[in-house]
Amino acid sequence: MDRAEVDSKIRTLIEPFNKKGVELKDETTFAGDLEFDSLTVMDFVAEIEDEFDIIITMNQQADIENYGQLVDAVNKLQD
Amino acid sequence: MTEGISQPDQPETLEGGSKDLFSKFDDIIQMREGLLASGIEDPFNLVMEKVLSPTRAICNGRDTILLGTYNYMGMTFDPDVIDAGKQALADFGTGTTGSRVLNGTYQGHRECEEALKEFYAMDHAMVFSTGYLANLGIISTIAGKGDYIILDIDSHASIWDGCAMGNAEVVPFKHNDVEAMEKRLRRLPEDAGKLVILEGVYSMLGDVAPLKEMVAVAKKYGAMVLVDEAHSMGFIGENGRGVVEDAGVIDDVDFIIGTFSKSVGTVGGFCVSNHPKFEILRLVCRPYVFTASLPPSVVATAETSIRKLMHGHNKRAHLWENSKRLHKGLTQMGFELGTKEPQSAIVAVIMPDLEKGAMMWEALLKEGLYVNLARPPATPANMTLLRCSLCAEHSDEEVGTILGMFERAGKATGILGQTSDQSEGS
Ligand SMILES: Cc1ncc(COP(=O)(O)O)c(C=O)c1O
């Protein structure tokens, strides 16, 4: 899967969590723009992990603040 | 400067231009002020002026039944335990004034560790100054850089803090979800060091972990297993060794963490293990080395209490009866509880929201009943809970009284509908 495909997969996965329909740009932040609380983060991360068959450790999550960083991280982890 | 008005969404600047480091607490200050402004007694500022027994105290001036302590086995006023403490106080003084590895290991600390080894039938025991420090120390020391910690998302703060203090990679999984745990273990590098951390009883809802399945899965992937049995020691399992004993997996578990602050009835923490190299932790575990050891009177009371808990079969049976009866009575009244069946000595009553929860908490206190109010973020799924923890010393009569109090308070606050007159406590 290339970055664009990863991006589009994550866009689909995030939909049910993006309750306010915030527009997703690379710089869209999870805590600020999307207002994800820690429970939402856990559920969302679990979905991504299962979809891509990867692990995103808490240590890695700490460095992921916006959407673009997430796509980059998943893109890197999947191969 | 604002005129004493808190504006949490704006960074507050103090005179002199320095940022107030306390502005990060503004949200919680506001939440608290909002709660107190409604005229409610402060749920987080209760004072027990007098403690009459393991189950009764004078709280804020009222004679109160205690249903929110962790005194599960009611050992705090046991005459043998008190005598042991008095004797140690007289013989060894008030404190050790030193670390366990320097001048802070007295005979009593060793004897306390011997009692733990016997209690669990394990080779090694290490006593810490609190259970919090035991988790902090063991977890941060044994899981290092490049290792993985796989843990339940609803783990106790001391477990999370142990993870934060160490350098391992941290991988949480959904609460009590064996499949989610297995999926994560399967994706980790095969040759990496792995530590799975579980709890026997989760203290917020009082639910028990499916340890039989979970420990088997952890072993299948070559992980070491640590189980925190803080809320089950002395009560669950044939010999009170915890959920690991009840589930028949105690021999497959590498470390059990526990505390003296609950069933044992004093303060302190411990880890027991059969690991052949366990003793080295005494030299490398910083929360063991760099803090003062427990006072002699405390380890003496702990040792005596632990030895008595080995033979606490009748108390265990009565505590189960109490838990079952409270659970059944509250369910019949129409309260929503944290678990469908009683699984431990904790019965958590789910409140509609924090405001209603605080009202109910206060109504119960005025009835003469103390329970724990638990609110987000300490609770799973942002629930507000009234957490009831039973004691082996609650009499049948007291449990009946408690049910009556819940029913009256539930109706007065509107949490219970009017349709539940057939319940036991009416
Ligand atoms: C699951 C769990 N682990 C550890 C602790 C810490 O125990 P202690 O009170 O001895 O610090 C507690 C209690 O607060 C607990 O609930």
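Colleague: Why is the crossing of H3(B) and H11(B) called left-handed?

Modeller: A crossing is left-handed if the near helix is turned anticlockwise from the far one by less than a right angle, and right-handed if clockwise; H3(B) and H11(B) cross in the left-handed sense. This is a predicted model, where local features need pLDDT of at least 70, side-chain atom pairs need 80 or more, and totals for chains, interfaces and linings use all residues. Residues count from 1 along each chain as written, chains are lettered from A and ligands numbered from 1 in written order, and side-chain values use heavy atoms, without hydrogens or water.

Colleague: What makes H3(B) roughly parallel to H11(B)?

Modeller: The axes of H3 (residues 107-120) and H11 (residues 296-309) of chain B cross at roughly 20° and come within 9 Å. Angles under 35 degrees count as roughly parallel, so H3(B) is roughly parallel to H11(B). Axes are lines fitted to C-alpha atoms over the stretch in contact, with angles from 0 to 180 degrees between N-to-C directions; helices are DSSP runs (H or I, at least four residues).

Colleague: Which residues make that contact?

Modeller: Contact means heavy atoms within 4.5 Å. Among them are Cys112(B), Ala115(B) and Phe119(B) of H3(B), and Val299(B), Ala302(B) and Ile306(B) of H11(B).

Colleague: How much area do chain A and chain B bury between them?

Modeller: About 1,200 Å², 55% of it on carbon and sulfur atoms. Buried area is the accessible area (1.4 Å probe) lost on being put together, summed over both parts. In chain A, Met42(A), Ile55(A) and Met58(A) lose the most to chain B, together 40% of what that side buries. The contact takes 12 residues from chain A and 16 from chain B.

Methods
Helix = DSSP H or I, 4+ residues; strand = E, 2+ residues; numbered from the N terminus. Parallel < 35°, antiparallel > 145°, perpendicular 65-115°, else oblique. Buried area = accessible area lost by both parts, 1.4 Å probe.
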